[in-house]
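This report describes the packing of a predicted protein model.

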Amino acid sequence: MRVLVLGGGPAGTTAALQACELGADVTLVEAKRLGGTSLNEGPAPIRTLARAARLIRDTRSWGRFGLVGDAPRVDITAALGNASRVADYAHEQKQLADFVRNQGIDLIQDAGPALFVDPHTVRIPDGRTFGGDAVVVAVGGHAGRLPIPGAELALTFDAVRDLTRLPASVAVVGGADTGCQLASILGDFGAQVTLVEASPRLVPHADEDISVALADAFRHRGITVLTATLVERLERTPAGVAVHHRSGAEQARLDADAVFFAVGWPGNAEALGADAIGVATRRGYVQVSKDLRSSLPHVFAAGDVNGFSMLVPSARHEGRIAAENAVLGTRRQVNHDIVPTGSFTDPEYGSVGLTEAAARERYDCEVAVVRYDDLVRPVVDAHPEGFCKLIVESRRRYVLGAHVLGEYSAEVIQMAAACMAANMRVEQIAELQPAFPTFTEAVGMAALTIVRRLGIAPWAPSWSDLRSALLTSEAGASTAQAVPAVATGEHPQTAAGR
């Protein structure tokens, strides 16, 4: 059995290793360097820049801890150079390419763009051809651009690495995860940032409480946030770029030194000539079923190129499944129900499972929110802004979703995801004994609140319950809460299948 894998990112590399493990003869063709966008250009380097931004932010709280000294300045060249450190570590220290080859995989790096010449074969620019009985397409995606006049004047996230100086003013077009990360990092570095989003709120796919709190935090930091705003054209000016935008009937102009697009991530399937061999695509994505088979039964697609999940853990999951189905002839299906996500913004946010709105459409739910200023660790760290929201199906008491905003959110959300994957009921989560003082305690405190509200067991109130009760007493029952402590709903359905 010969398997040809196209693309050496998380999905492709995992597919190649798994297919080799199953006894296949594997060829892996990568246009650039092994590791893909996630390691070489995207999450890993951007997370390194986010770390630098976080260190700059933390200098503002030195005085509170009795620390005295001059705040550091950002050396943008050095910061960007450090951002490649993680990728260099993987390639130079861990010898990633050598590891793959040592497994028996025929690895072709820096191949340039591959092009299908028939349903089983691709050709690379130097004329070599590679084929397989089964093909796993894992060529990822690329940063999208708005179809507007002047779009070529905008940069994308991968151009951050080429900056030689920090722009004094930046407009970021697109307020989903990538746009918010760019805005947050550049803002901490000292740029004056305007974030423009076409939807009524930032990160439209997120829980609404996350979107509202993130926008409030950005505005508090001095980032201008424009939602429900459409960018209509870009225009070159002597000082930089003019962004012409519209909100409703009101038109306006924004001038910036630089403009970044963060407006989607189309797939790269069209560059392969996939349509020409009968593989159905749409907007650059290979159209696949849940078992990752394309319209040609021997061609599979995993990772960003199929448009399913667009996350590194999901890409690895899909790579394994595509390899198994290709080699073994099975029809195992992907499952992205429990995939925790975390941002690199300040404040961080993390999510897993259903949003509150989605959960209430399907289930009778209990929702508890624990504020970070009710925990000891956030107060110790002088970052008490944030919350942890837990959404639980009322009858069977399984967790449907969790959403966290504040310090270490990308880490805290992992605990909630593990509890969901283990099918733990809310009372079992409330019994856990996380270390003290930590941010992770918020998950258990939210669970405890729901246990008390559902009357599952007699349980003394937590510190969070006492604080919330005090605030409610002082403010009065009619006072609107920015983030409600607990809310309930009624729906006859149950969490079947959990």
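## Helix 7

Helix 7 is largely enclosed by the rest of the structure, because 11 of its 13 residues are buried. The buried residues are Gly 179, Cys 180, Gln 181, Leu 182, Ala 183, Ser 184, Ile 185, Leu 186, Gly 187, Asp 188 and Phe 189. They pack against helix 3 (43-58), helix 4 (76-83) and helix 8 (208-221), and also against strand 8 (169-173), strand 9 (192-196) and strand 14 (258-261).

The helix covers residues 177-189, and the distance from its first C-alpha to its last is 18 Å, close to the 18 Å expected at 1.5 Å a residue. Gly 190 follows helix 7 and has a positive phi, near 115°.

## Helix 12

In helix 12, which runs over residues 409-421, the end C-alpha atoms are 18 Å apart; this agrees with the 18 Å that 13 residues should span at 1.5 Å a residue. Just after this helix, Asn 423 adopts a positive phi of about 55°.

The buried residues of helix 12 include Ser 409, Ala 410, Val 412, Ile 413 and Met 415. Ala 416, Ala 417, Cys 419 and Met 420 are buried as well. Among the elements that cover the buried residues of helix 12 are strand 18 (341-342), strand 19 (349-353) and strand 22 (399-405), together with helix 13 (426-431) and helix 14 (441-454).

## Nonpolar cores

The largest nonpolar core contains 51 residues, of which Leu 6, Val 26 and Val 137 touch the most other members. At least two residues of this core come from each of strand 1 (2-6), helix 1 (10-21), strand 2 (25-29), helix 6 (96-102), strand 3 (106-108), strand 7 (134-137), strand 17 (299-301) and helix 9 (312-328). Helix 9 makes the greatest contribution to this core, with 6 residues.

Beyond its neighbours within four places in sequence, Val 137 is in contact with Leu 6, Phe 116, Leu 272, Val 286, Val 299, Phe 300, Ala 301, Ala 302 and Val 305.

## Packing of helix 1 and helix 9

Helix 1 and helix 9 pack with their axes 7 Å apart, at an angle of about 35°. The crossing of helix 1 past helix 9 is right-handed.

On the helix 1 side, the residues that meet helix 9 are Pro 10, Ala 11, Thr 14, Ala 15, Gln 18 and Ala 19. Their counterparts in helix 9 are Val 312, Ala 315, Arg 316, Gly 319, Arg 320, Ala 323, Glu 324 and Val 327.

## Two loop residues

Ser 309 is located in the loop between strand 17 and helix 9. This residue counts as buried because its relative accessibility is 18%, and the cut-off for buried is under 20%. The side chain of Ser 309 forms a polar contact with the side chain of Ser 314, at 2.7 Å. With residues up to four places away in sequence left out, Ser 309 touches Ser 314, Glu 318 and His 336.

Gly 69 occupies the loop between helix 3 and helix 4. Its relative accessibility is 46%, so Gly 69 counts as partly exposed. A distance of 42 Å separates the C-alpha atoms of Gly 69 and His 244, which are 175 residues apart along the chain.

Technical notes:
Residues are numbered from 1 along each chain as its sequence is written. This is a predicted model: local features need pLDDT of at least 70, side-chain atom pairs count only at pLDDT 80 or more; totals for chains, interfaces and linings use all residues. Side-chain values use heavy atoms; hydrogens and water are left out. A nonpolar core is a set of buried Ala, Val, Leu, Ile, Met, Phe, Trp, Tyr and Cys residues joined through side-chain atoms within 4.5 Å. Buried means under 20% relative accessible area, exposed over 50%, partly exposed in between (1.4 Å probe, protein chains only). Helices (H or I, at least four residues) and strands (E, at least two) are DSSP runs, numbered from the N terminus. Contact means heavy atoms within 4.5 Å. The expected span of a helix is 1.5 Å times one less than its number of residues. A polar contact is a pair of N or O atoms within 3.5 Å; within protein, one must be able to donate a hydrogen and the other to accept it, and residues adjacent in sequence count only if both atoms are side-chain atoms. Axes are lines fitted to C-alpha atoms, for helices over the stretch in contact, and angles run from 0 to 180 degrees between N-to-C directions. A crossing is left-handed if the near helix is turned anticlockwise from the far one by less than a right angle, and right-handed if clockwise.
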